[in-house]
Amino acid sequence: MSQKGYILGVFLLGPFSLSVILKFSKKQIGIQWEELLDASPMLSNGLEPEASDARNMICETKKKRDGIWTVWSSGQLGNQLGQYAALYALAKLNDHEAYIEQGTHNWLAPIFKISLPVLHRDTAGKIPWRNFRIHDWMSEEYYHIDEKYLRLTGYPSSWTFYHHIREEIIWEITFHDFIKAETNKHLELIKGTRKNVTFIGVHVHRGDYVQIMPKVWKGVLGDKTYLEKAMDYFRTKYQEPVFVVASNGMAWCMESINASTGDIYFSGDEVESSPWKDFALLAHSDHSIMTIGTFGLWANYLVGWETIYFTNFTLPDSNF
Ligand SMILES: *[C@@H]1O[C@H](CO)[C@@H](O)[C@H](O)[C@H]1NC(C)=O
Ligand SMILES: *[C@@H]1O[C@H](CO)[C@@H](O)[C@H](O)[C@H]1NC(C)=O
Ligand SMILES: *[C@@H]1O[C@H](CO)[C@@H](O)[C@H](O)[C@H]1NC(C)=O
């Protein structure tokens, strides 16, 4: 069933996840790209003419193989991001051109400056696709897929597909400027009169997971004790932490998280169909605490520094 992959993506965080994940700073990556962009006019200004010629030659000889690859668009934001990133990475590895479906574009393009071209629906309908169901982790065989018109299906989300090109993936899922501006404004408001704030994004996945997770997938939801413990970790580490809590079960969060400490901000209106505000807030935080699910996974993948996850995220009788 389709949700299986969705869950697998989450559990693949396992190798990372025992307690703390250190990550590249998004800001650092941004600077590297700016430096690259700054450098290129110098090349074409004649300082390094050979380099410029060489670059043109590379463009000519680096022609892709025939055919088109795409990915089946399904699920919500977290899954869409996983599909996009897996397509991007696998097509690149196999030297094929990647196009996205209209559905993928509709989810991602309003939020991110994605670059893969969109297939027109009429065209998409005429291409003799071969559906190719991928399981949710990278395998040796995916380095050599011999298909001209391939459509990936499934719910890939695992970092194992794309972590080797992390900077490119993060570049692909850069927020639009107006979202950055709005989010920074929002964070300023949350900051209030505090002087030395450290923002911690907290994603609490509830909703249908409350039933499905323990009963069907034998996974564990982050509970109250876990969240308190994770927040206390940051409270001892930073002078003025502020926890920005996003959830599709805000009532539970408000009941379960002790906000008398004055450092908790509950965000969002639980409208899952337009989740970009919550997603952007989480992704613009300095550090993060996550529970289960691809939404939190992706927000965390974009966050600068530390991510907290819990041990024993499956029940003993889980298949995962
Ligand atoms: C701000 O807080 C951090 C820890 O959260 C601390 O290392 C730093 O010295 C503080 N800066 C100032 C100006 O108080
Ligand atoms: C919430 O935290 C405060 C301390 O910040 C504590 O005094 C209070 O007992 C806590 N409330 C609950 C319900 O745990
Ligand atoms: C995780 O599960 C293992 C095996 O059941 C157990 O030995 C260990 O104490 C658990 N760790 C935590 C932090 O609960």
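The buried residues of helix 10 pack against strand 6 (197-204), strand 7 (240-247), strand 9 (287-290) and strand 10 (306-308). Packing here is contact, with C-beta atoms, placed from the backbone, within 7 Å. Helices (H or I, at least four residues) and strands (E, at least two) are DSSP runs numbered from the N terminus. A residue is buried if 20 or more other C-beta atoms lie within 10 Å of its own, exposed if 12 or fewer, and partly exposed in between.

This is a predicted model: local features need pLDDT of at least 70, side-chain atom pairs count only at pLDDT 80 or more, and totals for chains, interfaces and linings use all residues. Residues are numbered from 1 along each chain as its sequence is written, while chains are lettered from A and ligands numbered from 1 in the order in which they are written.

| Side of helix 10 | Residues |
|---|---|
| Buried | L227, A230, M231, F234 |
| Exposed, turned away from the buried side | T225, D232, T236 |

Helix 13 (residues 294-302) is mostly covered, with nine of its nine residues buried. Among them are F295, W298 and Y301.

Over in helix 4 (residues 77-93) you'll find N79. N79 is buried, with 25 other C-beta atoms within 10 Å.

Conventions:
Two residues are in contact if their C-beta atoms, placed from the backbone, lie within 7 Å.
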